[in-house]
Amino acid sequence: MAKSRAAGLSSLRRKDHATAYLMILPSLVALGIFVFTPLVMALEKSLTDWQLYQGTTFIGLENFRIVLGNSLFRKSLENMARFVLMIVPAQFVFSFLFAHVLRGMHQRAGALIKTAIYVPTVISGVVASVIFLFIFHYQGGILNWLLRQLGQKRIAFLAEPSLAQMSIAVTSIWMGFGYNSLIMYAGLQNIPQSYYEAAEVDGATPFKQLIYITLPSMKNTFILILINLMTGTLQMFDLPYMMFGGAGPVNSTLTPMVYVYNNFKSAEYSLGYTIASALLLMIVIGALNSLVFTVIGSQKSQDE
Amino acid sequence: MQSELKRRGRPHRARTAFTVIAVIVTLFSVFPLLWMFVSSFKEGKEVLRANPLRFFPSQWITANFQKLAEDRTYPFWQAMRSTAFVSVSAALLSISINSMAAYAYARIEFTFKTLLWRLTVLSMYIPGLTILVTSFVVVNNLGLLDSYWVLILPGLASAYSIFFFRQFFLNMPMAVEEAALIDGASRFRIFYSIFIPNAKSPYVIMGTGAFLGYWNSFLWPAMTVTNQKYVQVMQVIRSYNNVYANNYGVVLAGSLLAALPPVLLFLVFQRYIVKGLMISGIK
């Protein structure tokens with residue numbers, strides 16, 4: 001009896017292989033077709049002067065050389081750096097501080113506020129752009145109304161390069177604030193209260209508690225937030241494309257994603273060239289993310 | 001007496017400060033949405049006579065919404081229907097295939113499991129930007145341009161979603177599953193009758209997430225569909241933004257309607273979504 005049961009189980013296990021493959025098959029096929037095939041193709045085609053419906057010639061690293069020398073591509077990298085500097089630290093600090101505010105709220109009020117600040121997170125970049133184009137509008141924008149009330153002249157927020165960048169940064173921060181605040185709040189809530197109580201007994205000042213308890217305990221939260229923010233900001237497309245039709249005043253809102261898309265649409269460069277520029281950005285993103293990991297240092301590994 | 005007052009006074013003041021900050025921040029989050037809401041009911045000229053002190057329309061009118069319904073070049077409701085079809089079917093398919101894969105990775109031993117799992121996780125680290133152009137080439141080669149397929153299929157498999165489900169399934173107790181296996185239940189049967197009913201929250205969280213991703217997407221549809229039948233609502237909003245530059249109320253009205261399904265879905269499932277965030281924030 002016991003023997004047949006064991007045999008039954010092991011035959012079940014053998015059958016498990018087939019079942020398991022059947023279960024992972026749809027996702028594997030989809031990832032294979034829509035992620036890995038394009039990736040391999042990108043690696044291969046970046047070394048050619050390939051165009052759709054045309055033959056290709058292997059040209060080695062020529063594309064990469066041209067991309068790196070292209071002034072528009074460099075401009076897009078510079079804009080990207082500006083957006084990262086404008087958005088990431090601000091969003092990080094705001095959400096960290098606001099998480100403390102959320103922690104200090106009464107339960108009911110806290111729940112209401114969490115819901116309210118999260119709503120913009122589910123709004124699309126296109127809709128957010130429409131709203132903020134309206135808010136920054138020269139004639140009918142609410143900001144210019146405010147300036148008029150203060151006796152100031154109207155400002156063309158969307159026409160001046162640095163203000164155009166700022167408009168995008170504000171919109172982006174508005175969209176991401178709820179998500180990041182709640183993640184920060186979760187990280188904060190996860191720190192055992194006993195740490196603070198012990199510190200209090202030892203007479204540690206709030207500042208010391210922040211430095212020695214809060215910050216080290218939230219390492220993983222910080223990594224998650226920074227990587228999300230950087231990856232998102234580096235690939236920003238909807239906002240600049242929607243608010244400024246892409247490049248914006250003096251190319252000030254030309255992000256790498258817009259650069260890649262514009263080249264894809266126009267026939268000025270080969271697809272090989274466009275792909276090469278996208279690959280270079282993957283290297284930038286990867287490098288920045290590993291920088292985050294090394295600087296902050298994770299306690300847990302990603303897998304298991 | 002006085003010292004007690006002092007001692008009580010400080011946390012009280014801190015609490016007041018917190019409340020003030022909370023109210024300001026909440027206003028910052030919510031005001032733009034309310035402003036869009038009221039402005040889309042305003043008459044053309046009043047929209048651009050911004051004055052938050054006259055917050056509500058002097059007269060609530062629906063002309064902006066009628067304009068949307070009448071637009072033949074970029075039919076609004078057609079786009080809403082098409083987007084709803086794409087988002088709902090994609091969300092359902094996505095949670096089906098991802099949770100099924102997650103179950104296998106969490107609960108079954110099989111050859112090459114570690115390798116396949118690593119590959120799946122690896123796909124999370126490939127930025128969309130990198131494969132944007134070649135993804136277009138792939139769907140073009142498959143003859144999928146201008147179809148529901150091209151909108152639905154590419155985003156279905158998500159390593160993040162598989163990862164999330166797997167984490168949940170790993171924590172479910174072994175006993176029931178083992179008993180069912182001994183009784184001769186198939187793996188599929190176990191998955192459907194034991195795992196799915198007990199995993200409501202990851203299904204809601206990942207389903208909502210997929211729906212939002214599809215509903216809000218703009219770049220991919222803009223690259224792959226031009227036929228009116230398949231055009232998605234964000235593409236239409238983008239066109240309105242150009243066409244109705246002088247009649248901004250129409251753009252706002254369209255945006256308001258396009259933003260409603262995500263917001264309503266979030267409000268319905270917020271309990272799950274906030275809980276899900278709490279989990280991912282700790283990991």
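I worked on a predicted model, where local features need pLDDT of at least 70, side-chain atom pairs count only at pLDDT 80 or more, and totals for chains, interfaces and linings use all residues. Residues are numbered from 1 along each chain as its sequence is written, chains are lettered from A and ligands numbered from 1 in the order in which they are written, and side-chain values use heavy atoms, leaving out hydrogens and water.

Entry on chain A. I found 13 helices and 0 strands, as DSSP runs (helices H or I, at least four residues; strands E, at least two; numbered from the N terminus). The radius of gyration of chain A, taken over C-alpha atoms, is 25 Å, well over the 19 Å from the globule rule (2.2 Å times the number of residues to the power 0.38) for 304 residues, so chain A is more spread out than a compact globule. I noted that 52% of the residues in chain A are buried, meaning under 20% relative accessible area with a 1.4 Å probe, protein chains only.

Entry on rings. Rings of Phe, Tyr and Trp (its six-membered ring) pair if their centres lie within 6.5 Å; planes under 30 degrees apart are stacked, over 60 edge-to-face, the rest tilted. I recorded 47 aromatic pairs over all chains. B:Phe169 and B:Phe191 are edge-to-face, because their centres are 6.2 Å apart and their planes at 90°. B:Phe169 lies in helix H8 and B:Phe191 in helix H10 of chain B, so this pair ties together parts 22 residues apart in sequence. B:Phe169 is buried at 0% relative accessibility, and B:Phe191 is buried at 1%.

Technical notes: Buried means under 20% relative accessible area, exposed over 50%, partly exposed in between (1.4 Å probe, protein chains only).
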